[in-house]
Amino acid sequence: MRHAVDIAGPLQRVSETIAAAARQVGRDPSDVLLVAVSKTHPVEAIEAALAAGQRVFGENRVQEAQGKYPALRRSVPELRLHLIGPLQTNKVRSALGLFDVIQSLDRPKLAAAFAEIRASGAPIPDLMIQVNTGLEPQKAGIAPAEAIAFVRHCKDGLALPVVGLMCIPPAAEDPVPHFALLRELGRETGLRNLSMGMSHDYEAAVRMGATVVRLGTAIFGSRATPVPAGDAAIAP
Ligand SMILES: *Cc1c(COP(=O)(O)O)cnc(C)c1O
């Protein structure tokens with residue numbers, strides 16, 4: 001390996017922190033899936049995480065994931081990859097073979113693209129619907145008031161494999177009300193998977209019922225170039 005990256009230590013610490021937060025509220029720690037967000041980090045860092053036993057990863061750009069993951073997937077068949085960033089409709093087909101879960105189903109046009117592919121007989125990865133809980137204009141996602149109708153449309157209307165909800169609370173706000181809102185929408189839609197919680201707020205997210213946390217910095221250290229969390233502009 002080119003450089004020794006200590007990933008095992010941070011992984012161990014975040015797993016313990018997740019377990020402690022879960023137990024505080026009477027939850028089973030194994031009900032929380034840790035997605036290691038490797039965006040901007042090199043393959044060596046991912047290999048170090050794999051060596052430490054981590055198997056589930058997240059990337060926010062299709063192209064970057066295409067450059068890093070196909071070879072890793074061939075050598076570690078149990079590796080699972082989640083897309084956590086915006087997906088352009090013209091990249092849907094290339095995303096299909098690469099990602100096991102797409103957490104960022106954020107607009108009707110993308111749902112229609114998945115439905116078209118499904119109609120052609122191709123398998124669709126598990127999907128999570130991204131909810132813009134803070135109604136931030138620059139952020140992707142379905143408005144909370146439209147979320148229930150959109151879930152029904154995707155699940156019942158288009159027969160898509162929707163398994164949960166995802167949110168990225170506004171950076172400058174207390175995330176807890178946003179986690180509470182996502183949990184309530186999960187309850188109302190019968191979706192039990194909630195992807196919420198990043199490096200700075202995952203303990204609170206686990207206490208609020210997160211079943212998926214997405215951690216980059218807490219595992220891999222800080223990123224060289226700041227990448228906005230799912231903020232890339234998408235034409236409607
Ligand atoms: C980058 C990113 C994360 C991880 O952020 P950290 O603060 O480094 O843990 C989580 N979710 C999304 C959508 C991201 O883009």
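Author: A polar contact is a pair of N or O atoms within 3.5 Å. With that cut-off in mind, an N or O atom in the side chain of Thr217 lies 2.5 Å from an oxygen atom of the ligand, and therefore the pair falls within the limit. The model under discussion is a predicted one. Two further side chains of this site may be described in the same terms. Lys39 places a polar side-chain atom 2.7 Å from an oxygen atom of the ligand. In the case of Arg214, an N or O atom of the side chain is 2.8 Å from a nitrogen atom of the ligand. The protein buries 96% of the 390 Å² that the ligand exposes when taken alone.

Turning to the helices, H2 (residues 43–51) packs with H3 (residues 62–75) at an angle of about 35 degrees, and the two axes are 10 Å apart. The crossing of H2 and H3 is right-handed. On the H2 side, the contact is formed by Val43, Ile46, Glu47 and Leu50, while H3 contributes Lys68, Tyr69 and Leu72. The class count for this contact is 5 nonpolar, no polar and 2 charged residues. Glu and Lys are counted as charged, so Glu47 and Lys68 fall in the charged group.

A second pair is formed by H6 (residues 144–157) and H7 (residues 176–189), which pack at an angle of about 40 degrees with axes 10 Å apart. H6 likewise passes H7 in a right-handed crossing. From H6 come Pro144, Ala147, Ile148, Val151 and Lys155, and from H7 come Leu181, Leu185, Glu188 and Thr189. The contact of H6 with H7 has 6 nonpolar, 1 polar and 2 charged residues. Lys155 and Glu188 are charged by this classification, and Thr189 is polar.

Notes:
Residues are numbered from 1 along each chain as its sequence is written. This is a predicted model: local features need pLDDT of at least 70, side-chain atom pairs count only at pLDDT 80 or more; totals for chains, interfaces and linings use all residues. Side-chain values use heavy atoms; hydrogens and water are left out. A polar contact is a pair of N or O atoms within 3.5 Å; within protein, one must be able to donate a hydrogen and the other to accept it, and residues adjacent in sequence count only if both atoms are side-chain atoms. Accessible areas come from the Shrake-Rupley method with a 1.4 Å probe; for residues, only the protein chains shown count as cover. Axes are lines fitted to C-alpha atoms, for helices over the stretch in contact, and angles run from 0 to 180 degrees between N-to-C directions. Helices (H or I, at least four residues) and strands (E, at least two) are DSSP runs, numbered from the N terminus. A crossing is left-handed if the near helix is turned anticlockwise from the far one by less than a right angle, and right-handed if clockwise. Contact means heavy atoms within 4.5 Å.
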